[in-house]
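Trainee: Hi, I'm new to this one. Could you walk me through it?
Mentor: Gladly, let's look at it together.

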Protein chains: 2
Amino acid sequence: MSDLELAASVADIRAAAERLRGRAVITPLLDYPLVSERLGFRLLIKAETLQLTGSFKFRGACNRLTAGVAADPNLRAVVAFSSGNHAQGVAAAAKLLGLKATIVMPSDAPAIKVANTKGYGAEVVLYQRHKEDREAIAREIAARDGGLIVPPYDDPFIIAGQGTAGLEIATQSKALGLAPDVVIAPCSGGGLVGGVALAVKSAFPAAAVYAAEPEGFDDLNRSLAAGERLANKPGTPSICDALMAEKPGTLTFPIHRKLLAGSRVVSDEAVLDAMSFAQRHLKLVVEPGGAAGLAAILAMRDELAGKTVAIVCSGGNADPEMIKRAADRGDPLA
Amino acid sequence: MSDLELAASVADIRAAAERLRGRAVITPLLDYPLVSERLGFRLLIKAETLQLTGSFKFRGACNRLTAGVAADPNLRAVVAFSSGNHAQGVAAAAKLLGLKATIVMPSDAPAIKVANTKGYGAEVVLYQRHKEDREAIAREIAARDGGLIVPPYDDPFIIAGQGTAGLEIATQSKALGLAPDVVIAPCSGGGLVGGVALAVKSAFPAAAVYAAEPEGFDDLNRSLAAGERLANKPGTPSICDALMAEKPGTLTFPIHRKLLAGSRVVSDEAVLDAMSFAQRHLKLVVEPGGAAGLAAILAMRDELAGKTVAIVCSGGNADPEMIKRAADRGDPLA
């Protein structure tokens, strides 16, 4: 498989892993033999909930900023727009590297994400999700402060950084003596699932890598069918605040087209059930968007029978209200 | 340090680790650098919530049963009494080894624990916690079925099995280039903290190992002060259903006296705050008893400044109602 025409390669992901060494957490690939027995397939959880800042986003942000400082030692400030997890990733990476961070966040972002972003020392600028253009606001701030804009997914360094999670899945699966048949990661702009697909397919060419998307934000599913990037209808609600990108990225979509087995679409109800499953059986707090992959496999049980399935639980920054809504669901395995 | 007079030795723990190989999960020692920065000390979490059956209890049970079958190949049945986590550990270990398990559980045990114990194929016999004698009921069943009684803590194989968690803490700390200054584990009958102390003090003689006990069940704290085993007042309520042993064990107490730096007593309120801390910052579901060590360190922040502190989060089998009570607490770090 040649990656020459794609925005990032496995070599880029390996370089990212070097930049992240000693900075990002090598998150565990959790093995749940008894839960797997009940599910009828071998479930492995890549717990990015345990990554610095509570989501995989630190990986891409740290890779982008480290490379940015290497390219321009005079770099002093960064600007990002994000519903919350990228915000925290950029804020924490900026703090680590001694850079000023300004983050443009929607006014309806979960309180825990806004609080944490400020907690990592970033300045937060709020905007109206459905009315204002966050990229324009970010460009204005970057022009004023002379800062580097750190996009959430459409950037080779971001894609390669997120891909380090896939590299770890490959290494950790091998250490368990397992080869994943199926790998699923949540998808918004697609940096994570794109990077993971690059790394996983390089180690396990036969693995089927899927994206998981929320209802109303199934742009990748429709785009893969159409063969071109299609947008979501604006103003659609979802509890998956982390997965509300408008459409696939220009850099990520070619990776998806080439490497993904497909994208599975999950409802808010299925996501809440997946969060309940995570609380009850995995003992993990997973946020709605982070649980999309889990929601997908709970609906795919029949087709997964007997297989080895690695799921990226991509984030754990759930507000207490959302944790309680999930706790109120019944047991999806009962 | 000679362990000759103690019920279990580091050699016993190493033998237990051999018996558990490929059966128990080697749970991760989780590193949270950004949370540690906020706490002012390096926090490492031994996540026994991720052990088979959701608590460390599988370790001791599997060690006891494996050794039992080795000693008597005709063994067919086991009997245990437990508020829930030992129940699940014994049930799952019995299933693995093809043994019939009967578990005597209090009628007020968390629903999730009763359901899971039955789910692992065990027969559950309920009793009234403050009125009936669970050990007598277990002895009757064992006499009837010819089964092996698996006590929850006062048994050399149980202590050695739980100690494998401590062996892993030592190995995993070294892999991170760290030497824990302080190690804390929740304590009921004291098998876990006893075994962990044996293993940890062998690798790091200077480490201070503490027990954490709930208010009203501070028998170890008082017994260490008195130099003899003192009982708790019967009928005391606590949300820490897993930590309600009557008094220190005859085999565990000598280990505690010799090796522990002390026992820290935590209130129900502090435990709920620790569960909230785990949800918000560690992204882990921890049950009340499992969070006692965390509750202790949140109260010890000043004396822990600058240190490396490993906490055993010993179980994650929290009922949804308890998860919600914790989610309703504020952020203990705010």
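**A helix and its surroundings**

Mentor: In α11(B), 13 of the 15 residues are buried, so this helix is largely enclosed by the rest of the structure. Buried means that 20 or more other C-beta atoms lie within 10 Å of a residue's own; 12 or fewer is exposed, in between is partly exposed, and C-beta atoms are placed from the backbone. Helices (H or I, at least four residues) and strands (E, at least two) are DSSP runs, numbered from the N terminus.

Trainee: Before we go on, where does all this come from?
Mentor: This is a predicted model: local features need pLDDT of at least 70, side-chain atom pairs count only at pLDDT 80 or more, and totals for chains, interfaces and linings use all residues. Residues are numbered from 1 along each chain as its sequence is written, while chains are lettered from A and ligands numbered from 1 in the order in which they are written.

Trainee: Okay, back to α11(B). What does it reach from its first C-alpha to its last?
Mentor: It covers residues 268-282 of chain B and reaches 20 Å, close to the 21 Å expected at 1.5 Å a residue. The expected span is 1.5 Å times one less than the number of residues.

Trainee: And which residue follows α11(B)?
Mentor: Lys283(B), with a positive phi near 65 degrees. Most residues other than glycine have a negative phi. Lys283(B) is in the loop between α11 and α12 (292-299) of chain B.

Trainee: Is Lys283(B) buried or exposed?
Mentor: Lys283(B) counts as buried, because it has 28 C-beta neighbours inside 10 Å.

Trainee: What about Thr53(A), what is its phi?
Mentor: Near 70 degrees, a positive value in a residue other than glycine. Thr53(A) sits in the loop between β2 (42-47) and α3 (57-71) of chain A, and it is buried, with 31 other C-beta atoms within 10 Å.

Trainee: Switching to sheets: what is the strand order of the open sheet in chain B?
Mentor: The six strands run β1-β2-β10-β7-β8-β9, with mixed pairing. Strands pair if DSSP finds at least two bridges between them. The edge strands are β1 (29-31) and β9 (262-266) of chain B, each pairing on one side only.

Trainee: How many bridges join β1(B) to β2(B)?
Mentor: Three, and the two strands run antiparallel. Within that pairing, Leu29(B) has Lys46(B) as its bridge partner.

Trainee: And over in chain A, how do β8(A) and β9(A) pair?
Mentor: In the parallel sense, over five bridges, with β8 at residues 208-214. Glu213(A) stands opposite Val265(A) in β9(A). Four of the five residues of β9(A) are buried, so that strand is largely enclosed by the rest of the structure.

Trainee: New topic. How is chain A divided?
Mentor: Into domain 1 (10-56 + 156-327) and domain 2 (57-149); the bounds come from an automatic or database domain assignment. Their C-alpha centres lie 23 Å apart. The contact takes 27 residues from domain 1 of chain A and 23 residues from domain 2 of chain A, where contact means C-beta atoms, placed from the backbone, within 7 Å.

Trainee: Which element gives the largest share on the domain 1 side?
Mentor: That is α7(A), with seven residues.

How values were computed
Contact = placed C-beta atoms within 7 Å.
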